[in-house]
Amino acid sequence: MQEFTDKIRAALSERSGLPAQGLKLEQPRDPKLGDFAFPCFPLAKALKKAPPAIAAELAGELAEDLDGISVEAAGPYLNFRVDPARLAESVVSAAVEAGSSYGSTRDGEGKKIVIDLSSPNIAKPMSVGHLRSTVIGGALQRIFDALGYETVGINHIGDWGSQFGKLIAALDRWGAETDLETDPIQALLALYVRYHEEEESDPELAEAGRAAFRALEGGEDEEVRRKWEHITELSLAEFDKIYSRLGVTFDEVRGEAFYEPYLESAVDRVEAAGITEMSEGALIVDLSHISESTPPCLLRKTDGTTLYATRDLAAVFHRWELYEFTRCLYVVGGDQRLHFQQLKGVLERMELDWEERVEHIAFGMMRLPEGRMSTRKGRVIFLEDVLDRAVEEALRIIHEKNPDLSCAAEVAEQVGVGAVVFNDLRRERIKDVEFDWDEILSFEGETGPYVQYTHARLASIQRKAKDRGEGEGEPDWAALEDARGVLLRIGRFPDVLRSAARNAEPSEVSTWLLGLSREVNGWYASHRVLGQDSGVTTARLALVRATQQALAAGLRLLGVAAPDEM
RNA sequence: GCGCCCGUAGCUCAGCAGGAUAGAGCACUGGUUUCCUAAACCAGGGGUCGCAGGUUCGAAUCCUGCCGGGCGCGCCA
């Protein structure tokens, strides 16, 4: 479709003298007005004429330049309409030829994008809260891949810090009475909760926790190290089960511990920049250049051990040296805004010019109706339970609506998990979401299953056409005149992807999928594909195919399966 | 107290880097299946775009203040 917009821009640029790139083509309010619109207001000043007069004049001139595109002035607007047959042929062919890679470009060739995603903490179960980073990050990685970037998805496991000292202390004290093998994460969680319950009234326990972390960080105590490694292995094995259901893979799975050997040099590097100071016994970087009230970044505690910020600093240095990224995206909740502001603040004070390539891709918090989730207080919803219930519900509906479906269990998994994933990617990532079972188990309206269902019906028509040997004639492209809405949606996909990547916003893809589904469902309800005049059937079938593939391409980027039957 | 984020229909959200009469879904009411999957489609009601100023030919969109909600604020991660 870009061929048409390029043509319009070029002609407009020629006639107005403005650079083609800056000309913004919009969609007319009412689709009846045209396919693209150009408001003439910005030209008024330069030409010293009223916008409607400019529009009228340009309409006449442009009509000569644009072959196959009609122009009409409507007040201060210029409305363009592409010849229906040309639009149909162009959009449908592009989508069908590209197939599952429709929307892909080479925009990002030679550029690297590092994405920090998921990043759960060891020894804690994955809650629906962790879903967000995993699913948003996974979608972003696929979107950037599709645009030709080289991406590096890093799962930065929270496997380090004083909490593991606490856990080891708890294990030392109560390990004998704990079964770690049957359900390791639940057992570890119970230990963690118990530690916190007893810590306050038991100074010895608190000291044991601190001592264990010191020993862990010191690296000389083999015993402590082994316990920590065991905890890590148990947890990672559990996480992998979820990741495989979500279809998420990583290029690197690195715990914070991985950066442990780099901590000293990271601190040295910051110190060498001459921006550190001692404050109340701790090593800090002052950040008052950001604002008077920005708290300093702590690199080292009074007892000499490092902190979260130190490790993230070591990690970002390491990533820069390894990849020289174009963008380094941290898909982390908005509650950590200050942390990333401080991290970037330190890089800024070090005068590293790549500081602005580091971005915090913040997302809203997942909350329960009764408030914030809290693992310690047992106020959490486990991701596994949500997936299981969604799949169960999908299976129930399949039995009800399509009892003959052959691979029902497999499709139920695709639909159930798809519903959960899509639901999370449906709204702008920045918005907080309140967890709601009814919403997540709903498969009607603006949901993943709605898009999947649309896809399945389009796939079904193609199967039937093949059986009957229909749709092999010369396509009568003009017959797609009244599928304009569908065509324009399909044609817009490459722009949607670019925008989604620029804004690191997967919801732009979900919104597009819902719009295309709505559009094609409306068309489907009033047009029959099979059994028409050969040219009409062929053209409609091609549209069906193009739409089906476009939907599949979009769903794939979001990490949602596109079953052919459901 | 200070800082950041959010605020569009009863509910959940779109509204594309300011542009034409603010759009969907859910819920509610009514309709559509001898016809390619009714997880669908069509029709209907429902809005002072939190409030007040400002910038502009033009503001849901940009700026300022206020209100409401969320999050955060040195040795946790």
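**Charges over rings.** I began with Arg-389, which lies over the face of Trp-437, 3.9 Å from the ring centre. My criterion was NZ of Lys or CZ of Arg within 6 Å of the ring centre and within 35 degrees of the ring normal. I also found the charged end of Arg-457 over the ring of Tyr-524, 4.0 Å from its centre.

**Ground rules.** This is a predicted model, so I kept local features to pLDDT of at least 70 and side-chain atom pairs to pLDDT 80 or more, while totals for chains, interfaces and linings use all residues. Residues are numbered from 1 along each chain as its sequence is written, and side-chain values use heavy atoms, with hydrogens and water left out.

**Aromatic pairs.** I looked up the aromatic pairs and got 15. Rings of Phe, Tyr and Trp (its six-membered ring) pair if their centres lie within 6.5 Å; planes under 30 degrees apart count as stacked, over 60 as edge-to-face and the rest as tilted. Trp-320 and Trp-354 are stacked, because their ring centres are 5.0 Å apart and their planes at 10°. This pair links distant parts of the chain, 34 residues apart: Trp-320 is in helix H11 (residues 308-323), and Trp-354 is in the loop between helix H12 (337-349) and strand E11 (358-363). Helices (H or I, at least four residues) and strands (E, at least two) are DSSP runs, numbered from the N terminus. I noted that both Trp-320 and Trp-354 are buried (under 20% relative accessible area, 1.4 Å probe, protein chains only).

Notes
Chains are lettered from A and ligands numbered from 1 in the order in which they are written. Buried means under 20% relative accessible area, exposed over 50%, partly exposed in between (1.4 Å probe, protein chains only).
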